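The stops below go from the whole chain to single side chains.

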Amino acid sequence: MTGLALTTLGALMLLAWQDGMLGSILGAGLCIAWLIAAGCWTAARTGNGGRDGEVARPAPDGPPLDALFDQIPLPLLRVDAGRAQAINRASRRLFATDDRVIPTPTALLDTGQMQLRHEGRSWRIERVAGTGRALVMLVDIEAERRAAEAHADNEMIDILGHELLNGLSPIVSLADSAQVAAERGDARLPGILATLTRRIEGLERFTRAYRMLARLPDPVRAVVNMGELVGDLSRLFDERFGDRVMLSIEMPEGATGWCDRDQMTQGLWALLQNAAEAALAGTVAPAVTLAVAWQTDRLVVRVSDSGQGVAAPERARIFRPFHTTKPEGSGIGLTLARRIAQAHGGDLTLLPVAVTTFEWVMPDVDISSPGRGGGSAER
């Protein structure tokens, strides 16, 4: 094949020389020779790459997997066949080993264990189980708690600073207006001073509410007659809202709770005030219901209202300190009520139902048997 190609090429060159086209044919020949050489070189490389059944593979991009693991700040271990192996820098430092963890803590081998105590610190165990082995990640519980507290403190400081600036800005503006009015003998001065006084009083109320939330004392528990407590709340409600809002009470006879009566009254009163104000802003006859029930060794108190409900975006923020949608609200009532409920070992939640209903659950209570039949009253 090569001989035929050379003979043909020689004949073409002879004809080209006779016709004066030797340069053109020579250039074409060189191009053909270069293409043949390039093809042979490519075939040779492919043949070498496929020798012994191997297929050439491109080199992997990026750093190796071990280097990536070393950049993870949490300890990672491989648990396999009853032993644990440190696979990144954080785990090797924690267990002071370059490879196997000896002795292996039983908490790492027991898939039912969720915590590990090591070197005086508590770790939460996160597992990704595979076939016969597992990848374990350890999370420092104390560091996680400190990070959560720092985040909460920063959020509180941001909210407090925002609210104080919102309260101080109009006060500064009104003070300037009052000074100008006094210099000019303006008749509007008394009205400006009256508004300034109200704004200062509002800022003082906000500051007092903040101190109340920040300094909530531990509850002093005692056996409390829930009937008497609810009766006091009913009279307070009557004095505050009169005939504008109807209050319905549902509770069993002889109900008692193991709680701090003053704090319980304060928390429930905050719920009742919030419910009454929401009911007054609604489109139907204002009504509030306070229901007390016994459920499996716990006292459950529900407060519902006839208002327009809580918008979906607000449900996630409703217990946030100082968050309020009311022009004169402090945004402290619901937060304080939830703090009190949690201090008693319970919780306060907004139920996912059509009628706005707050549920206060408090464990460790005792309701005498005559009251389990239930009852209701309305005023």
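Helices (H or I, at least four residues) and strands (E, at least two) are DSSP runs, numbered from the N terminus. By that count the protein has 11 helices and 14 strands. This is a predicted model: local features need pLDDT of at least 70, side-chain atom pairs count only at pLDDT 80 or more, and totals for chains, interfaces and linings use all residues. Residues are numbered from 1 along each chain as its sequence is written, and side-chain values use heavy atoms, with hydrogens and water left out.

**Whole protein.** Colour by burial: buried means under 20% relative accessible area, exposed over 50%, partly exposed in between (1.4 Å probe, protein chains only). Of the 379 residues, 30% count as buried.

**The largest core.** A nonpolar core is a set of buried Ala, Val, Leu, Ile, Met, Phe, Trp, Tyr and Cys residues joined through side-chain atoms within 4.5 Å. Select Phe237, Met264, Leu271, Leu272, Val288 and Trp360, which have the most contacts inside the largest core, a set of 39 residues. Helix α9 (residues 261-280) contributes the most to this core, with eight residues. Another core, of 13 residues, lies apart from it and includes Phe95, Leu108, Trp123 and Leu138.

Now centre on Val288. Contact means heavy atoms within 4.5 Å. Leaving aside neighbours within four places in sequence, the partners of Val288 include Phe237, Leu272, Ala275 and Val303.

**Helix α8.** Select residues 226-241. This helix has 16 residues and reaches 22 Å from its first C-alpha to its last, close to the 22 Å expected at 1.5 Å a residue (the expected span is 1.5 Å times one less than the number of residues). Buried here are Met226, Leu229, Val230, Gly231, Leu233, Ser234, Phe237 and Phe241. The buried residues of α8 pack against β6 (222-225), β7 (246-250), β8 (255-259), α9, β9 (287-294) and β10 (298-305).

Check both ends. At the N-terminal end, Asn225 caps α8, with a side-chain oxygen 2.8 Å from the backbone nitrogen of Gly227. After the helix comes Gly242, whose phi is positive, near 50°.

**Ser306.** Move to the loop between β10 and α10 (312-315), where Ser306 sits. Is Ser306 buried or exposed? Ser306 counts as buried because its relative accessibility is 19%.

Show its polar contacts (pairs of N or O atoms within 3.5 Å; within protein, one must be able to donate a hydrogen and the other to accept it, and residues adjacent in sequence count only if both atoms are side-chain atoms). The side chain of Ser306 reaches the backbone oxygen of Ala285 at 3.2 Å, and a polar atom of that side chain lies 3.0 Å from the backbone nitrogen of Ala287.
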